[in-house]
Amino acid sequence: MRDIFYFLALALMAVLVACDGEEPEPEVNTRPQNVTEYNKVTEGLKDYYAGNEYFAIGTAIEPASLDDPAGVALLKRHFASITAENVMKWSTLQPSEGVFNFGPADRLVDFAGANGMLVFGHTLCWHNQVPDWVFRDGAVPASKELVLQRLETHIITVMTHFKGRIYGWDVVNEAIDDGSGTYKNTIWYQICGADYIYKAFETARAADPDAKLFYNDYSATNATKREKIYNLLVDLKGRGLVDGMGLQGHWNIDAPSDDLITAALNRYKEAGVELRISELDVSIYPSNSDPESEYTSDIALKQAIAYGRFFRIFRTFKDDISGITIWGIADNHTWLDNFPVQGRKNYPLLFDVNLVPKQAYFTVINF
Ligand code: XIL
């Protein structure tokens, strides 16, 4: 009884203290906590992270994504920007020399324009999804001069075609080595050395001075790789050739750690460039050897915690991160079903295979 009395007295004092001075903050968080509540509102991810306050949230799409009305509704509700998942890569845009195929990419860019979405150009120079002809001269390997000239032609033609409609381009994708080397030993590097990187950025800068130019890479939180990327950014920035760093963000439910993400974002910020998370997804498999699994409630919880952790860090960098792109709309379409293990179903996104928001979605929007 005495305990209850003391408790009530303390509670009364707390109320008096709270009422003294400023009005208590009103309850502001009216965001949906579950699917029933979600179905009653119209806001989406992009609204909770709106414009100047946080960052533009985007997703990667294919032309086929626009053929599914339910997918399009989800896309419009949640995302403020798009990246072409594949159709702005060299193999689609210039499958044979001098033959440009802009149709599929134009469809995405027109859709974005009609719906007030930003477009990120991905990607002008990469060692994957680039045709063999680029590196051949008839029966023999092409010379460095020929390869660089083709790179220049490709970049000028593509950037001129899309001029004024692209916020920024991933000019060079994945040029830094994962091991002890500085540069990744790609076909570009084998033929041109690091000159192809400078050629790509110089050409891009001249082709569209208004477009932001990004360097983009994976494992960008790895401490060793981070320092090599940082050096490249400082060098390019010193030449006026780069504006931003895209951390791909192909992460998983266990990694990377808060410390590594924070250290990487701080380091790239020191290079004086704007930051993007350009291809975020959160695999349910920490290891390549993990067997295929159902999407259990235990995994759903772990994934929600991981997504919550990542976005909490992103929010602390809201003045430095201009955008976050999630690499796909929903778990019914993800490249991770076939990478790094062919045919192992993955569930790395914020919406499930039926386009219903997952626990991770509610964690990301409730802050
Ligand atoms: C992936 C696409 O999602 C897949 O559809 C395609 O088969 C292979 O490429 N890093 C990148 C992206 O920069 O372009 C890749 O996209 C994923 C890894």
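A residue counts as buried if 20 or more other C-beta atoms lie within 10 Å of its own, exposed if 12 or fewer, and partly exposed in between, with C-beta atoms placed from the backbone. Keep that in mind for the tour. What you have open is a predicted model, where local features need pLDDT of at least 70, side-chain atom pairs count only at pLDDT 80 or more, and totals for chains, interfaces and linings use all residues. Residues are numbered from 1 along each chain as its sequence is written.

**Stop 1: E174**

Select E174. It is buried, because 20 other C-beta atoms lie within 10 Å. You'll find E174 in the loop between β6 (168-173) and α8 (187-192); helices (H or I, at least four residues) and strands (E, at least two) are DSSP runs, numbered from the N terminus. Check the backbone too: phi of E174 is near 60°, a positive value in a residue other than glycine.

**Stop 2: S219**

Now hop to S219, in the loop between β7 (212-217) and α10 (223-238). Here phi is near 50°, again positive in a residue other than glycine. Is S219 buried or partly exposed? S219 has 18 C-beta neighbours inside 10 Å, so it counts as partly exposed.

**Stop 3: the ligand**

Click on the ligand and show E85, N86, N173, Q248, E279 and W335, which surround it. A residue is near a molecule if its C-beta atom, placed from the backbone, lies within 6 Å of it. Sorted by class, this shell holds 1 nonpolar, 3 polar and 2 charged residues. For that sorting, Ala, Val, Leu, Ile, Met, Phe, Trp, Tyr, Cys and Pro are nonpolar, Asp, Glu, Lys and Arg are charged, and the others, Gly among them, are polar.

**Stop 4: strand β11**

Pick residues 321-326, which form strand β11; 5 of its 6 residues are buried, so the strand is largely enclosed by the rest of the structure. Strands pair if DSSP finds at least two bridges between them. β11 pairs in the parallel sense with β1 (residues 56-61) over 4 bridges, and I57 has I324 as its bridge partner. β11 also pairs in the parallel sense with β10 (residues 274-283) over 4 bridges, where R276 stands opposite G323.

**Stop 5: two cis peptide bonds**

Finish by zooming in on the bond joining H122 and T123: it is cis, with omega about 0°. T123 lies in strand β3 (residues 118-125). Another cis bond joins A255 and P256, also with omega about 0°. Look for P256 in the loop between β9 (250-252) and α11 (258-270).
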